[in-house]
Amino acid sequence: MMCFMASEETRTTDTRTAMPSPGRRDPGHRDPGRRVTAAASTAETTPGATSDAVPGADRTRAWAARLVVVGIVLSALNLRPAITSLGALLEEVRDGLGMSGSVAGLLTSVPPLCFAVFGVTAPRLARRFGPAAVVCAGMAAITAGLLIRPYAGSTAGFLAASALALMGIAVSNVLMPVIVKRWFPDRVGSMTGLYSMALAMGTSLAAAVTVPLTDGLGGGWRPGLAVWAALAAAAVLPWLPLVRDRGTAPAQLRPRPQPGRAAEAAGSAESAGDQPAPLRITRSRTAWALAVFFGLQATAAYITMGWMAQIFRDAGVPAGTAGVLLAVTMVMGVPLAFVIPRVATRLPQQGPIVLVLGVCGLAGYAGLYVAPAAGAWAWAVLLGISNCAFPLALTMVGMRARSGAGVAQLSAFAQSTGYLISIPGPLLVGVLYQQSGGWGLPIALMAGLMVPQILVGFLAGRNRTVEDEATAR
């Protein structure tokens, strides 16, 4: 399926090129202007290539696109196991390193903090080295961090190695929408869905199998954490042939622009070296709305991952069942993360999807408040649907900017600002739970945050681009 999507554009272009012009009456007639146009088009697509070399160039482009798809999927699989695998073994890690409860609590806020701090550097690194090279380095950083941290020998070393892995995740988080936008401009929805689905799979996979893997490796938490470095190392390989790329793809590998697609031709020229001036992204209301929407959905996601199982346990649900309920919530993102972006790209505005997800979240929180144990499975499903605001946010990042450079700036701004917004949420829930002695106030907070999430989601989903707003006077 991935290969089919990667090569679809190339096959469509070849078919259109082979069709005779409907306005040509004499097969022997050749218009000099048409010859010049065709030659110029060929020269732009494959510099220095002759017509005999076109089939080989087409095959090269197709294989390069397939390689990018494989790289996107493998990278997405590695963007959450560093977090969820640690959560599964946190008690063993605390005992092994003598980690205090306050430091262990700090670990829950380190991921969004690193995402905010390091993610903002991604566009600058991408302009200098190319997006593919930065993602490749990010996967290498994840590999090194996951391999080093179990054997660091101290709490400080463990935190430093974790930060290294999270740095790689942060830059890759920001650049995935950029790569999707530039390589697959006609399939932003389907490719974002594929990427989001792989991310959800990696998240749930690490949460589900880390403990069994640890038992199979002898019961020690160190190899149970380090084993995830192998998956990250595999994600380095697809990007290695593209590390010299300074834009989307080298000219001889870049998919050909289709007739009548001026915006895509402009994007190709941009990736070839005509980079536009950076936008004043903070002047865009859409960028701010998307950043706040991203932050509020991230807040809900981290609260769910950190506290939902405890809510069920305190309501009398057995610990094993509570863990399965949390897994159900996470697994809901696998199919929906593929469907929602495809639907979103077919709508002029994404506000209706934001509303549906928000209503599911409000219903889930209301259920947790009224009857947490009686309807536990229904609330888990509803909250799992609500958490699919993440792939929707990524899709809107790709749709709210026209150029690859604009997507890079918007992605960095929205994700960095959003993750900063999400840091206090899980901590505040814990404080309210401890002070009130129950889950009434924390659940009210969660439901209350869903209302502004719906409102800013409508603003972020309007059919406009940040280029128009960031350059307005």
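Ser-416 counts as buried because its relative accessibility is 6%, where buried means under 20% relative accessible area, exposed means over 50% and partly exposed lies in between (1.4 Å probe, protein chains only). Ser-416 sits in helix H21, residues 404-422. Setting aside residues up to four places away in sequence, Ser-416 touches Phe-115, Ala-116, Gly-119 and Val-120, a contact being heavy atoms within 4.5 Å. The model is predicted, with local features needing pLDDT of at least 70 and side-chain atom pairs counting only at pLDDT 80 or more, while totals for chains, interfaces and linings use all residues. Residues are numbered from 1 along each chain as its sequence is written, and side-chain values use heavy atoms, with hydrogens and water left out.

As for the protein overall, there are 24 helices and 0 strands. Helices (H or I, at least four residues) and strands (E, at least two) are DSSP runs, numbered from the N terminus. Of the 473 residues, 51% count as buried. Among contacts between residues at least 6 apart in sequence, 83% join residues at least 24 apart.

Another serine, Ser-162, belongs to helix H10, residues 155-183. Ser-162 has 5% relative accessibility and so counts as buried. A polar atom of its side chain lies 2.9 Å from the backbone oxygen of Phe-158.

Gly-189 is part of helix H11, residues 188-216, and is buried, with a relative accessible area of 3%. Apart from neighbours within four places in sequence, Gly-189 is in contact with Pro-341, Arg-342 and Thr-345. Gly-189 and Leu-392 are 203 residues apart along the chain, and their C-alpha atoms are separated by 9.3 Å. Gly-220 is found in the loop between H11 and helix H12 (221-226). With a relative accessible area of 28%, Gly-220 is partly exposed. From C-alpha to C-alpha, Gly-220 is 10.0 Å from Leu-89, and the two are 131 residues apart in sequence.

On to helix packing: two packed helices are described by the angle between their axes and the distance between the axes. Axes here are lines fitted to C-alpha atoms, for helices over the stretch in contact, and angles run from 0 to 180 degrees between N-to-C directions. Helix H15 (residues 285-314) and helix H23 (residues 440-460) have axes that come within 8 Å and cross at roughly 150°. That makes H15 roughly antiparallel to H23; angles over 145 degrees count as roughly antiparallel, under 35 as roughly parallel, 65 to 115 as roughly perpendicular and the rest as oblique. H15 passes H23 in a left-handed crossing, meaning that the near helix is turned anticlockwise from the far one by less than a right angle, with clockwise being right-handed. H15 residues including Phe-293, Leu-296 and Ile-303 meet H23 residues including Met-446, Leu-449 and Val-456. By class, the contact of H15 with H23 has 13 nonpolar, 5 polar and no charged residues. Here Ala, Val, Leu, Ile, Met, Phe, Trp, Tyr, Cys and Pro count as nonpolar, Asp, Glu, Lys and Arg as charged, and the others, Gly among them, as polar.

Helix H18 (residues 351-370) packs with helix H19 (residues 376-386) at an angle of about 150°, their axes being 8 Å apart. H18 is therefore roughly antiparallel to H19, and the crossing of H18 and H19 is left-handed. The H18 side of the contact includes Leu-357, Cys-360 and Tyr-365, and the H19 side includes Trp-379, Leu-382 and Ile-385. The contact of H18 with H19 divides into 9 nonpolar, 4 polar and no charged residues.

Note on methods. A polar contact is a pair of N or O atoms within 3.5 Å; within protein, one must be able to donate a hydrogen and the other to accept it, and residues adjacent in sequence count only if both atoms are side-chain atoms.
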